[in-house]
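Subject: Structure handover

Hi,

Here is the structure for your files.

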Amino acid sequence: DGTKLQMRNIIAEINPKATRRIMLCAHWDSRPYADEDQTQTDKAILGANDGASGVGVLMEIARVLKSNPVDIGIDLILFDAEDLGKPEYDNSYCLVSQYWSANLHKPGYKANFGILLDMVGAPDAKFAWEQVSIEAAQPVLQSVWQTGHNLGFANYFMYYQKSGIIDDHYYVNKIAKIPTIDIIHYDAASRTGFPGHWHTHNDNMSAIDRNTLKAVGQTLLEVIYTTK
């Protein structure tokens, strides 16, 4: 809409010289308005689940990898301005992943696959197969979900499908051509398809459960340590 904004991605590289690489990403911004709430709709949400949960999992993964190194390369990317968008504006979500996908942080950057985390902290969260992930990276989706099941997290990683969504992985797949899946909470009973605290002021620490964070983080670590 013409507003000038300061935006920044945060990128960390582990084993930067390794040619085989996994990209792990999340968005570190939170929504500047609570448009799904009944009060204070013009106030920013805390975003404990919608944004911060994915960031928290990636920070813990980085800590574990420092103590227990791997040979493959890992890139941790925290995208800005994912949640700024408004439905009336085309391509107004995921602004900086759009930019990154067209202007990679290293010329010719490639990753074998990517995993996006978005809303991965709520109690009893359900993660479904999302259509963009199916079309762009179904082998990755299958591997991650099977790993989750093998670790005993079948109650989180569900095999039912949901329609495609515009999230950071959409542009990473379409523009950067890196096969990337989205692990994102899906609530089939909700009007929006997302948990009830989505885009409201209830997206605070009460929306976070350590067991869900563990299920996602443990699964990703297993994927990392078993990838050759």
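The notes below start with the ground rules and then go through the contacts.

This is a predicted model: local features need pLDDT of at least 70, side-chain atom pairs count only at pLDDT 80 or more, and totals for chains, interfaces and linings use all residues. Residues are numbered from 1 along each chain as its sequence is written, and side-chain values use heavy atoms, without hydrogens and water.

The whole structure holds six salt bridges (a side-chain nitrogen of Lys or Arg within 4 Å of a carboxyl oxygen of Asp or Glu).

Glu13 pairs with Lys106, with the closest N and O atoms 3.1 Å apart. Glu13 sits in strand β1 and Lys106 in the loop between α2 and β4, so the bridge ties together parts 93 residues apart in sequence. Helices (H or I, at least four residues) and strands (E, at least two) are DSSP runs, numbered from the N terminus.

Asp83 bridges to Arg31 at 3.6 Å. The two are 52 residues apart. Asp83 is buried at 3% relative accessibility, and Arg31 is buried at 1%. Buried means under 20% relative accessible area, exposed over 50%, partly exposed in between (1.4 Å probe, protein chains only).

Arg191 meets Glu36 at 2.4 Å, N to O. This pair ties together parts 155 residues apart in sequence. Arg191 is exposed at 70%; Glu36 is partly exposed at 26%.

Shared partners join Arg31, Asp35 and Asp83 into one salt-bridge network.

Last, the helix. In α4 (residues 168–176), the buried residues include His169, Tyr171 and Val172. Lys177 follows α4 with a positive phi, near 60 degrees.

Best wishes
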